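Here is a short tour of a protein structure for a first look. Keep the view of the chains open as you read.

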Amino acid sequence: MERTGSLFGHFRDLDQQRETASLGMWVFLMTEVMFFGGMFLAYTVYRWKYHDAFAAASRELNVTMGALNTGVLILSSFTMAMAVWASQMRKRNLLCIFLIATMLLGAAFLTIKGFEYAQKFEHHLVPGPNFNFPGPEAEAQHAEIYFALYFMMTGMHALHMIIGEGMLLILLIYAWKGSFTGDYHAPIENGGLYWHFVDIVWIFLFPLLYLIDLHH
Amino acid sequence: MALIVVAVFFSVLIGVGIFYLSFRYRRRPGHEVGQLVEGSQLLEITWMVIPFIIAMVLFAWGAKLYVTIRQSPSDALDVYVVGKQWMWKIQHTDGRREFNELHVPVNRDIKLTMISEDVIHDFFVPAFRVKMDVLPGRYTTLWFRPTKTGRYHLFCSQYCGTNHSEMGGWVDVMEPSQYQAWLSGGSNSESPEQAGQRLFTSLACVSCHGDLSGSGPGPRAPSLRGLYGSMVKLSDGRTVLADDAYLRESVLDPGAKIVAGYDNIMPTFQGVVSEDQLLQLFAYIKSLGNQPAQNASAAPGASATTAAPAAQ
Amino acid sequence: MSTTTANPPPASSPPPKAHENYLNANYGIRSWLLTTDHKRIALLYLVSVTIFFAMGGFFAMLIRLQLLTPEGFLVGPDTYNRLFTMHGVMMIFFFLIPSIPAVLGNFLIPLMIGAKDLAFPKLNLLSWYIFNIGALFTVYAIVTGGVDTGWTFYTPYSSIYSNSQVSAAVIGIFITGFSSILTGLNFVVTIHTMRAPGMTWWRLPIFVWTQYATSIIFILGTPVLAITLALVAAERLLHLGIFDPRLGGDPLLFQHLFWFYSHPAVYIMILPAMGVTTEIIATFARKNLYGYKAVAMASLGIAVIGFLVWAHHMFVAGISIYAAMAFSLLSYLVAIPSAVKVFNWTATLYRGSVSWQTPMLYALGFIGLFVMGGMTGLFLAAIGADVHVHDTYFVVAHFHYIMVGGAVMGYLGGLHYWWPKITGRMYPEMLARAAAIILFVGFNLTFFPQFILGYLGMPRRYATYPPEFQVLNVFSTAGASILGLGYLLPICYFVWSMRYGPKASSNPWPATGLEWQTSSPPPTENFEVTPVVTWEPYDFEHRPDLGLPKPERARPKPLEAPGLELGD
């Protein structure tokens, strides 16, 4: 079906297109909630069963890096919101600047995460044959479960961040070409929704994983 | 039976209804199109409410039966079962061990305490209408009261790998006299309590818990005499029942529950004891009764025993 | 009720010429593999699911052959374990779940609501590719040795002990899951935002309602399966053990997570078939659907309650007595909306004009077999009874009654019903009726003995069995050969009809849906002019364009209460 300007051929008008795109992103985010939800459930069950081991394992995490990452992501959600505003205000250059800022902050998050993962590797906290956790054997086994969940949950989150970076790059390219400063900024808005969602997942992950029993 | 009646009734009702209606109102000249029929909210509600009532009756019946199936009577004869790929190891409390075959006396309540060494299995005796999954890492129980002597199929009914279909056996229900004969005709192998007592020493449990037949507990570890079945006060304020699961956790993950007044210094025996050996240890601990000994030098067996009845 | 000032739709379009419908709009393999036309994508799915159905059916044949003798003469236990696993995986994930939604749903939803395409046509094509990529991983798993865990992948067997291609298979299912998720997303958004003017929610055909309900399940349930399988793969490949009992992992956690999706998945398989049945019954009884709103609401009810019953697969798994009772109660509740639908379908026949053409044979067969399967579900929901029949052939018979007697019959009925619309050709009617009857007979011969086998205690997933079970197994295998014939015939005559079948008009039955208002096959953009809907669904009264006599009003008796009406 042909496309006229920014209106795709199978839609009646831009309003229907916008409503459809927005609903589509919201429904997709619901599926993401269910996706992460499975892991959160597993985490909840095991934390309830092995609270002490989880607390001990959690104290091995670098809270400073985690908190820094939290700040970085919240700031990136701000720059993303500003990007949406800029596209609604039809300010192309500002839009691109904010998209770039968001991407840089996202990259910063991933870099810090990379350092954290490297640290875990060095401290033998990656589950598998090289896992070694000081303490009684049972506690070490339960800590291994903690770290398995840690890597799955933050890893899945990081994967979503990487996909988000790719999405931002594509948006940036089209923004530079001027595609989003007319009547049509649905992709920026929906991209913003996705980015905010990834941020919110981290807001849950940080206290659950890093802040179990800090002052033990 | 009620289930079959309901199922047949509705199947026939709908089946006959469809046949009758599609024949009575078949398409023929003069009847090329259907008539206009008004809906009826009353009818919709009626055929929601009636099935609901039937469903609730079936639920209540099934639930009541299930509760009976799940709750074993307190004076049942204990048997221990360890499932592994692809066989059943059965341990009677008097010492006889069996593989893939379970001998029991008729008209007695029999309670199986089961665990798996590897994957999930399931202990299924169709003739007795009982079945329960056998899990790694956790005990499950199953009970039955055989009312007719005979030989009945035992099947594994949770897929467990290559020889899942071969992991069957028999349950032999015998007259009490024959059962006694079978028991005493057993091998000269030691009873689980004796094996457990041996392990208690060889694994150095005595060094902290003391020699249970003689002197009292050591200063570093709580007394195990009379422990089984009692309520234990923990260091975090909780009070828990010392059942099979508690005993197992205490050996494999001692730090999970610390007894009040003691430190968290017990080492774990994970990887050191097998499921069979755990059951032997617990048989020994249970044989010391569930009342704490008043006299520290009480002779073994003097305390009241409500553990599994002895062979005679 | 129907408005008396309704404007009937315009008369059907004249027969199509070359380059006037979606089939001959473009030629060449690229125009098919890069299409964004929902109708072509539906046909792409038809080809894919038929291939996977054939694979699953082949494994079924080997299973039934093996079970002819107690010792099993055909294959060893390792191979048998792979056979039943791959049969289940192929049939469930690569045939049953996509079948009606991806083939009929894709084709019909835009037509039924008066839209030009789905909301996200490119996403639709991507879904098809994702589906096949996932299937590729699974086929790879099959040809490199197969998987032997059962389609349920219980841990710790699947995550630690199995020596088969578990990782490849679960990765394949993981990938294909996204195809489901995106299709469900597409459907939900489309139904919300792309309805033609005048197509209100209460004017939607029930097929659309059931697809909507199914899509809710796709969206909310499939991601949980995805993450669960990802965790199993992570445990196998990366040693991230979270189900490992040696680390303190809980094997039951896997079961809860797995069944949280896999129970609603069975409603994914049956709801669309219920929608198809509703369409067929109204058309072939030439009568308005009795209790339209009740049937629509019941569809949503099944989807919602279906999420609350998962642990009825775990009554003897080691869950608490209280949990078991809660799930048993809820499982009885989920039967009620299904019962409501069955009663409404039957009531629709009352005072209708019933024709026994092939689609109607499938629809009526669906009702009968679904009722039998559903009744046996009541056995399973009764926890006391379930203890005996769980993990026996009783369960196998129960779910085959629903999935084959129900879902597959619904799928075949739908294919026959909409075949003229999809291809512009009619299939051979008499041969099709014969095939339907052969299928029905073969099906019952195959699976009814299995209820008895299960009750007598034969466990499922057994490569060998005690000799006393042989007679019933032989019956079952004999029935399966007849069932197989019932499947082969449609494949043959459908293919034949695409070239030699008589050309069909736009509304051959005739039926009242919007999809019949356009040519057979439809043009690429579905409608020459966007329709404006002013008539109620299944309304035979205000439709002179159908060429039928005007229906009379029935004298009120006994299904009606004066003064009370539930709008239809």
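This is a predicted model: local features need pLDDT of at least 70, side-chain atom pairs count only at pLDDT 80 or more; totals for chains, interfaces and linings use all residues.

Chain B is divided into domain 1 (77-184) and domain 2 (192-287).

**Two hairpins in a row**

- Strand S1 (residues 77-84) and strand S2 (residues 87-92) of chain B pair in the antiparallel sense. Six bridges hold this pairing.
- S1(B) and S2(B) make a hairpin, with two residues between them.
- Gln91(B) is the residue opposite Arg97(B) in S3(B).
- Four residues lie between S2(B) and S3(B), which form a hairpin. In that turn, Gly95(B) has a positive phi of about 120 degrees.

**The five-strand sheet**

- Chain B has an open sheet of five strands, in the order S4-S10-S9-S6-S7. The pairing is mixed.
- Strand S4 (101-105) and S7 of chain B stand at the edges. Each has a single partner strand, so one side of each is left without a neighbour in the sheet.
- On average, neighbouring strands of this sheet are turned by 20 degrees against each other, direction ignored.
- S9(B) and strand S10 (residues 169-174) of chain B run antiparallel, joined by five bridges.
- Within S10(B), Trp170(B) stands opposite His153(B).
- Helix H3 (residues 176-184) of chain B lies across S4 and S10 of chain B. H3(B) runs at about 130 degrees to S4(B).

**Two domains of chain B**

- How far apart do the C-alpha centres of domain 1 and domain 2 of chain B lie? They lie 27 Å apart.
- Where these domains touch, domain 1 of chain B gives ten residues and domain 2 of chain B gives eight residues.
- On the domain 1 side, S1, S2 and strand S5 (110-116) of chain B each give two or more residues.
- The residues on that side of domain 1 of chain B divide into four nonpolar, four polar and two charged.

**Where chain B touches chain C**

- This contact takes 72 residues from chain B and 83 residues from chain C.
- Several elements of chain B each supply at least two residues to its side. Among them are helix H1 (2-24), helix H2 (41-70) and strand S6 (121-125).
- Which element of chain B gives the largest share of that side? H2(B) does, with 20 residues.
- By class, the chain B side has 38 nonpolar, 21 polar and 13 charged residues.

**The nonpolar core**

- The largest nonpolar core has 319 residues. Leu149(A), Val81(B), Val170(C) and Ile367(C) have the most contacts inside it.
- Helix H3 (residues 77-113) of chain C gives the largest share of this core, 23 residues.
- Why does the core lie between domain 1 and domain 2 of chain B? Both domains give residues to this core, so it lies between them.
- Leaving aside its neighbours within four places in sequence, Val170(C) is in contact with Phe153(C), Leu229(C), Val232(C) and Ala233(C).

Key: Residues are numbered from 1 along each chain as its sequence is written. Chains are lettered from A and ligands numbered from 1 in the order in which they are written. Two strands pair if DSSP finds at least two bridges between them. Two residues are in contact if their C-beta atoms, placed from the backbone, lie within 7 Å. Ala, Val, Leu, Ile, Met, Phe, Trp, Tyr, Cys and Pro count as nonpolar, Asp, Glu, Lys and Arg as charged, and the others, Gly among them, as polar. Axes are lines fitted to C-alpha atoms, for helices over the stretch in contact, and angles run from 0 to 180 degrees between N-to-C directions. A nonpolar core is a set of buried Ala, Val, Leu, Ile, Met, Phe, Trp, Tyr and Cys residues joined through C-beta atoms within 7 Å. A residue is buried if 20 or more other C-beta atoms lie within 10 Å of its own, exposed if 12 or fewer, and partly exposed in between; C-beta atoms are placed from the backbone. Domain bounds come from an automatic or database domain assignment.
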